[in-house]
Amino acid sequence: MPIFYAPQIDTDPVLPEEESAHCTKVLRLGRGAELNVTDGRGAFYRAMIEEAHPRHCRVTVVERTVAPPLWTYGLHVAVAPTKNIDRTEWFLEKAAEVGIDSVTLLRCRYSERREVKMERLQRVLVAAMKQSGQARLPQLVGMTDFADFIAQPTAADCRLIAHCRSSELPTVGACYTRGSDVLILIGPEGDFSAEEVAMAESAGYRGVSLGRTRLRTETAALAACHAIHVLNDE
């Protein structure tokens, strides 16, 4: 059974317009059909269609179930969007499938993309959450200047910055303690500047390597995300 996303279903049991259209026009579901809905905050709802409208499909909630967390540590990746936005969309889709809590989009010195369309990227995350059968939608924070982001307080126990400015960086596994919250910075196609690396290190971030080869931005971001899950599953 497909999963539908309705963030306000607990107070307003109506599917958003895009979800309503998919439900009634694509799947051709009518009054009385049973749906599986998530609010994106950790709960699933078994619901039945009360009014099959293509713009505002009203449902009746039959049962609410809280989904147990799939991991107990916080995973936050801050990444500079790529010049080709399709690559950033690919990362968001795969990261949501693998599992991630938060993504912040960074504006760095060497960034080739300075702005993004947040609504489009949000849709990618929603689709990936539903496809992978999860009940928690990753938080997406829009374009943030690197210096401003570094200056923000964070609760992450482990703060890492992946870059290529040294050939003698430790691995993620050498710096990460299993079970701890982690924040990882991934730079643009031109990497972080030397000044940005120094700024991050002064703020408590530790430089790390993601392997022996030079990775594309979106590959590096996904590799970092997956590495944290693997380290916690060992």
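Reader: Which strand does S8 join through five bridges, and in what sense do the two run?

Author: Strands of a sheet pair through backbone hydrogen bonds, either parallel or antiparallel. In this predicted model, S8 is joined to strand S9 (residues 182–186) by five bridges, and the two run parallel.

Reader: Over how many bridges does S8 pair with strand S10?

Author: S8 and S10 (residues 206–208) pair over three bridges, in the parallel sense. Here Ile161 has Gly207 of S10 as its bridge partner.

Reader: How many of the five residues of S8 are buried?

Author: Four of the five residues of S8 (residues 158–162) are buried, so the strand is largely enclosed by the rest of the structure.

Reader: In what order do the six strands of the open sheet lie?

Author: The order is S7-S6-S5-S9-S8-S10, with parallel pairing. S7 (139–145) and S10 are the edge strands, each pairing on one side only. Direction ignored, neighbouring strands of this sheet are turned by 25° against each other on average. Elsewhere in the sheet, strand S5 (residues 75–79) pairs with strand S6 (residues 102–107) in the parallel sense over four bridges. Ala78 has Thr104 in S6 as its bridge partner.

Reader: Which strands of the sheet does helix H3 touch?

Author: Helix H3 (residues 118–131) packs on the sheet and touches S6 and S7. The direction of H3 makes about 145° with that of S7.

Reader: Which residues have the most contacts inside the largest nonpolar core?

Author: In soluble globular proteins, nonpolar side chains tend to be buried together. In this case the largest nonpolar core has 41 residues, and Phe91 and Ile186 have the most contacts inside it. Helix H7 (residues 217–233) supplies the largest share of this core, seven residues. A second, separate core has 15 residues, including Ala80, Ile150, Val197 and Tyr205.

Reader: Which residues does Phe91 touch, leaving out those up to four places away in sequence?

Author: Phe91 touches Val77, Val79, Ile100, Val103, Glu218, Ala221 and Leu222.

Reader: At what angle do the axes of helix H2 and H7 cross?

Author: The axes of H2 (residues 85–98) and H7 cross at roughly 10° and come within 9 Å. Angles under 35 degrees count as roughly parallel, and H2 and H7 are therefore roughly parallel to each other. On the H2 side the contact is made by Arg87, Trp90, Phe91, Lys94, Ala95 and Val98. On the H7 side Glu218, Thr219, Ala221, Leu222, Cys225, His226 and His229 take part. By class, the contact has seven nonpolar, three polar and three charged residues.

Reader: Is Arg28 buried or exposed?

Author: Arg28 is exposed, with a relative accessible area of 69%. It lies in the loop between helix H1 (17–26) and strand S2 (34–38). The phi of Arg28 is near 55°, a positive value in a residue other than glycine.

Reader: Is Asp191 buried or exposed?

Author: Asp191 counts as buried, at 13% relative accessibility. Asp191 is in the loop between S9 and helix H6 (194–202), and has a positive phi of about 70° although it is not a glycine.

Reader: How many helices and strands are there in the protein?

Author: The protein has seven helices and 10 strands. Of its 234 residues, 47% are buried. Among contacts with a separation of 6 or more, 73% are between residues 24 or more positions apart. Taken along the principal axes, the C-alpha atoms fill a box of roughly 60 × 35 × 30 Å.

Key. Residues numbered from 1 in each chain as written. Predicted model: local features only at pLDDT ≥ 70, side-chain atom pairs only at ≥ 80, totals over all residues. Heavy atoms only, no water. Core = buried A, V, L, I, M, F, W, Y, C linked by side-chain atoms within 4.5 Å. Buried < 20%, exposed > 50% of the residue type's maximum accessible area, 1.4 Å probe, protein only. Contact = heavy atoms within 4.5 Å. Pairing = 2+ DSSP bridges. Axes fitted to C-alpha atoms, helices over the stretch in contact; angles between N-to-C directions. Parallel < 35°, antiparallel > 145°, perpendicular 65-115°, else oblique. Nonpolar A, V, L, I, M, F, W, Y, C, P; charged D, E, K, R; others polar.
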